[in-house]
Amino acid sequence: MIAHLRGILIEKHPNQAIVEAGGVGYDVQISVSTYSALPEVGAEVKLRIFTNVREDAIQLFGFREAMEKSLFEKLISVSGIGPKLAITTLSGVAAPDLVRIIRAGEVAMLTRVPGIGKKTAERIVLELRDKMEGLGAAPAATAKGPAAVILSSEQSDVVSALVNLGCQQPAAEAAVRKAAAEPGISGFEPLFRRSMELLR
């Protein structure tokens, strides 16, 4: 099993990174948080890896932070939560916030994530609330800056991420424009999460 990957980042998207190591390009699925922390294309990158082996495919899920990987592994231990939904959850909610939400039993907050209904959210809280020991719960930092008026490259990436999660393109674009117009919403992660809230 692949547990760690170090190589050159040759391509990155909000849900995917391609890392070349030893002449091989590895396709790694990532969360929005990990995407935001990646260096520029062409730089060396290190990712913690979870290898998911299925009958028809071998999937790699990558994480910049150990805490995020630990949360991912806890999420997929819950009945009904597969790797793809776990990554979607970590894209919708920053890891420290997710720990706090689960500890507090805030089911409504979990249902904001596409693919998580009330029953699944309740199951996550029930099964994981007592398994959050050792995981930090500091609030995620929010980047601040001027809001963009038109779709920038960053905003287009947010739209792409939302569409990959199942949102309709026109609705995603409208949500991103609205979120970008709000004071203090700047940077990929804050923009993505606010747009997701507006789509609910």
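**Reading the surface and the domains**

Author: Gladly! Met-1, Val-53 and Ile-58 make a nonpolar surface patch of about 390 Å². This is a predicted model, where local features need pLDDT of at least 70 and side-chain atom pairs count only at pLDDT 80 or more, while totals for chains, interfaces and linings use all residues. Residues are numbered from 1 along each chain as its sequence is written, and side-chain values use heavy atoms, leaving out hydrogens and water.

Reader: What is a patch made of?

Author: Patches are made of residues with over 30% relative accessible area and no salt bridge; like charges are joined within 9 Å, and nonpolar side chains (Val, Leu, Ile, Met, Phe, Trp, Tyr) within 5 Å. Accessible areas come from the Shrake-Rupley method with a 1.4 Å probe, and for residues only the protein chains shown count as cover. Here, Val-53 lies in strand E4 (residues 44–53). Helices (H or I, at least four residues) and strands (E, at least two) are DSSP runs, numbered from the N terminus.

Reader: Into which domains is the protein divided?

Author: Domain bounds come from an automatic or database domain assignment. The protein is split into domain 1 (4–63), domain 2 (66–132) and domain 3 (153–198).

Reader: How much area do domain 1 and domain 2 bury between them?

Author: Buried area is the accessible area (1.4 Å probe) that two parts lose on being put together, summed over both. For domain 1 and domain 2 that is about 1,000 Å², with 70% of it on carbon and sulfur atoms. On the side of domain 1 that touches domain 2, strand E3 (24–30), helix H1 (32–37), E4 and strand E5 (58–63) each give two or more residues. E4 gives the most to that side, with four residues.

Reader: How many salt bridges are there between these two domains?

Author: A salt bridge is a side-chain nitrogen of Lys or Arg within 4 Å of a carboxyl oxygen of Asp or Glu. Between domain 1 and domain 2 the count is zero, although the structure holds seven.
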